[in-house]
Amino acid sequence: MNIFLDSNILFPDPFFRNNFSRNFLETIKSIDGKIFISNVVYQEVINNYKRELKKRRKTFGEAFFELNKLLVTNVEHTFKNEEFYLAELNSFYKNLIDEGHLKIIEHTEFDMFNEIVQRALNNKKPFDYQKEEFKDTVIWLTYSKFVEKHKISGCFLSNNTKEFYASDKKTIHPDLLEDTQRLVPYKSIEEFLKSNSEYINGILTEKEEERDFLQLLDWAEANLSETYVEKAIQKEFIDELQSELSYYVDELSEAEINNIINGKDFISKLESITLLQTSLNTYEREIYGTEIIIYGSLDVNHFVSLYIWNSFRDKGESPYFCIGNDTIIQKVEFTFSIKSDYKAENFEVKGIETSNMKEGYIESSKENPEDLF
């Protein structure tokens with residue numbers, strides 16, 4: 001199985017550490033598949049990693065500085081230089097190349113300059129009238145020319161539906177099908193694994209993993225249920241869920257908050273208090289070799305405090321004033337995994353949606369908030 005990756009697939013998780021990404025990489029190794037990335041994609045991944053590293057180190061450094069202003073005994077931390085972390089990234093991909101699981105395709109392998117110019121002039125995909133995507137064109141032509149040259153088929157993973165997909169956002173754009181019809185598109189690693197699970201498991205059961213795979217399958221058939229998933233989240237992952245949702249509400253903008261709080265445009269900030277209740281909506285499971293991936297969604301009743309901007313504060317006082325508490329309902333998409341020891345682990349929040357509130361907040365005081373300053 002040949003897999004061709006776009007940059008946006010690798011940006012969020014360049015080391016393949018998330019549940020589906022980790023299993024994707026292990027699956028490719030187990031079934032003797034191969035990952036292909038254009039050198040343009042590789043360079044974009046490195047550049048994006050540099051940007052994220054700089055941004056997150058800055059955020060961490062600011063938090064570290066503020067924390068030590070508060071403490072008597074200072075907390076210590078050290079960062080290695082940027083070159084060290086970039087070397088880790090390069091080493092990771094070099095190991096994949098050396099092991100035969102990854103190939104970087106040089107775009108200079110193909111003469112495509114004149115073709116790129118003509119596509120730009122004719123607004124032919126990946127170019128369009130709104131945006132000129134030079135890098136996307138290089139990536140696509142590198143992959144399409146490679147599969148045609150070597151007479152191979154493969155899967156093209158990209159969530160760039162604007163440049164590569166037809167209007168249905170499921171199939172390759174007709175302009176690009178003129179270059180090759182050897183590539184099947186998927187918008188994510190998760191979509192690829194789910195769509196090909198039967199084929200992948202068919203290969204795995206023929207290999208050394210068959211015994212472990214069948215044992216996991218038997219365990220899943222006997223034990224997995226809505227009750228099991230709900231208990232696993234409550235027992236093993238509730239603190240992680242609380243942390244993720246707390247961070248989420250902390251980062252909401254005023255516009256997002258007031259869309260949730262039913263048009264009360266004076267609310268400036270939400271602060272997490274506790275999770276009151278969780279209820280499972282749906283769950284599914286996939287088995288890849290020696291690991292079960294559980295994924296689904298749950299509703300969470302999240303008790304929060306509501307704050308307005310404290311424009312009458314004295315110097316040193318908090319810029320916000322709490323005016324009450326309320327419960328918001330959040331839909332959380334999640335995954336976690338179960339390995340051969342049958343222990344639930346690797347909990348991840350994949351997405352959060354917050355429903356609009358239908359009722360008003362619970363006031364902490366009956367006084368007019370302006371009278372409290």
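**Pockets, a hairpin and aromatic pairs in a predicted model**

Good morning. The lining of the second largest pocket comprises six nonpolar, six polar and seven charged residues. Here Ala, Val, Leu, Ile, Met, Phe, Trp, Tyr, Cys and Pro count as nonpolar, Asp, Glu, Lys and Arg as charged, and the others, Gly among them, as polar.

A word on the basis of these values. This is a predicted model, in which local features need pLDDT of at least 70 and side-chain atom pairs count only at pLDDT 80 or more, while totals for chains, interfaces and linings use all residues. Residues are numbered from 1 along each chain as its sequence is written, and side-chain values use heavy atoms, with hydrogens and water left out.

I return to the second largest pocket, which holds about 490 Å³ of space. A pocket is an open set of points on a 1 Å grid over the protein atoms alone, with protein on both sides within 12 Å along at least five of seven lines; a cavity is a set where a 1.4 Å probe fits but cannot get out, and lining residues have an atom within 4 Å of a point. Grid points are joined across faces, edges and corners, and a volume is the space filled by probe spheres set on the points. Of the 19 lining residues, Pro12, Asp13, Asn18, Ser21 and Lys350 lie nearest the centre of this pocket. Strand S9 gives the most to the lining, with four residues. Helices and strands here are DSSP runs, of at least four residues (H or I) and at least two (E) respectively, numbered from the N terminus.

The largest pocket has a volume of about 570 Å³. Among its 16 lining residues, Pro12, Pro14, Arg17, Glu52 and Arg56 are the closest to the centre. Helix H3, residues 39-70, makes the greatest contribution to this lining, with seven residues. By class, the lining has nine nonpolar, two polar and five charged residues.

Next, the hairpin. Strands S6 (residues 267-288) and S7 (residues 291-309) run antiparallel and are joined by 18 bridges; two strands pair if DSSP finds at least two bridges between them. Two residues separate S6 and S7, and glycine 289 in the turn has a positive phi of about 65 degrees. Leucine 280 has leucine 298 in S7 as its bridge partner. Both leucines also line the largest cavity, together with Glu230, Ile233, Thr278 and Ser279. That cavity holds about 40 Å³ of space, and S6 supplies the largest share of its lining, three residues.

Finally, the aromatic rings. The structure holds 26 aromatic pairs. Rings of Phe, Tyr and Trp (its six-membered ring) pair if their centres lie within 6.5 Å; planes under 30 degrees apart count as stacked, over 60 as edge-to-face and the rest as tilted. Phenylalanine 16 and phenylalanine 24 form a stacked pair because their ring planes lie at 20 degrees, with centres 6.1 Å apart. Phenylalanine 24 is buried, at 0% relative accessible area; buried means under 20%, exposed over 50% and partly exposed in between, with a 1.4 Å probe and protein chains only. Phenylalanine 237 and phenylalanine 347 are likewise stacked, with centres 4.9 Å apart and planes at 20 degrees. This pair links distant parts of the chain, 110 residues apart: phenylalanine 237 is in the loop between helix H12 (226-236) and helix H13 (238-250), and phenylalanine 347 is in S9 (residues 344-354). Phenylalanine 237 is buried at 2%, and phenylalanine 347 is buried at 9%. Thank you.
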